[in-house]
Amino acid sequence: MAGRGLQLTLALLKPDALAHGIAWEAVHQDVLKNKFLIVKSKELRLKRSDSERFYAAHKGKFFFQRLVEFMARSPVVFKAMHVKWPV
């Protein structure tokens, strides 16, 4: 389609997935099997303030503090991915 930019999907692999090699490998294989192109991948250790901003839409919900702490305790991997679906 002319005039349309590259559409990306953000995948976030949370600390528990990274802690278990089998889960991490299964996710990676699914990404490849479904013909996603990994445009960029980066492992980060989120600061608590980063986690709070990322999940700001959930502020005030009963799980917010637990989620923020969980995401800030260990590294996470962000993947920007593209897939070309037939139109």
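Buried residues (under 20% relative accessible area, with a 1.4 Å probe and protein chains only) make up 23% of the 87 residues in the protein. This is a predicted model, in which local features need pLDDT of at least 70 and side-chain atom pairs count only at pLDDT 80 or more, while totals for chains, interfaces and linings use all residues. Residues are numbered from 1 along each chain as its sequence is written, and side-chain values use heavy atoms, leaving out hydrogens and water.

**Fold and overall dimensions**

- The protein has 4 helices and 3 strands, taken as DSSP runs numbered from the N terminus (helices: H or I, at least four residues; strands: E, at least two).
- Along the sequence these elements follow the pattern β-α-α-β-α-α-β.
- The C-alpha trace spans about 45 × 35 × 20 Å along its principal axes.
- Of the contacts (heavy atoms within 4.5 Å) with a separation of 6 or more, 81% are between residues 24 or more positions apart.

**Leu 46**

- Leu 46 lies in the loop between β2 (37-44) and α3 (48-54).
- Its relative accessibility is 11%, so Leu 46 counts as buried.
- Leaving aside residues up to four places away in sequence, Leu 46 touches Ser 51, Met 71, Ala 72, Val 76 and Phe 78.
- Val 76 is 30 residues from Leu 46 along the chain, and their C-alpha atoms are separated by 7.5 Å.

**Charges and salt bridges**

- There are 16 positive and 7 negative side chains, with Lys and Arg counted as positive, Asp and Glu as negative, and His and the chain ends not counted.
- The structure holds 4 salt bridges, each a side-chain nitrogen of Lys or Arg within 4 Å of a carboxyl oxygen of Asp or Glu.
- In helix α2 (residues 21-33), Asp 30 and Lys 33 are 3 residues apart, about one turn, and their closest N and O atoms are 3.6 Å apart in a salt bridge.
- In helix α3, Asp 50 and Arg 53 are separated by about one helical turn, and their salt bridge has its closest N and O atoms 2.7 Å apart.
- Arg 48 and Glu 52, 4 residues apart in helix α3, meet in a salt bridge of 3.4 Å, N to O.
- Arg 48, Glu 52 and Glu 69 are linked in a network of salt bridges.

Note on methods: Buried < 20%, exposed > 50% of the residue type's maximum accessible area, 1.4 Å probe, protein only. Charge placed at Lys NZ, Arg CZ, Asp CG, Glu CD.
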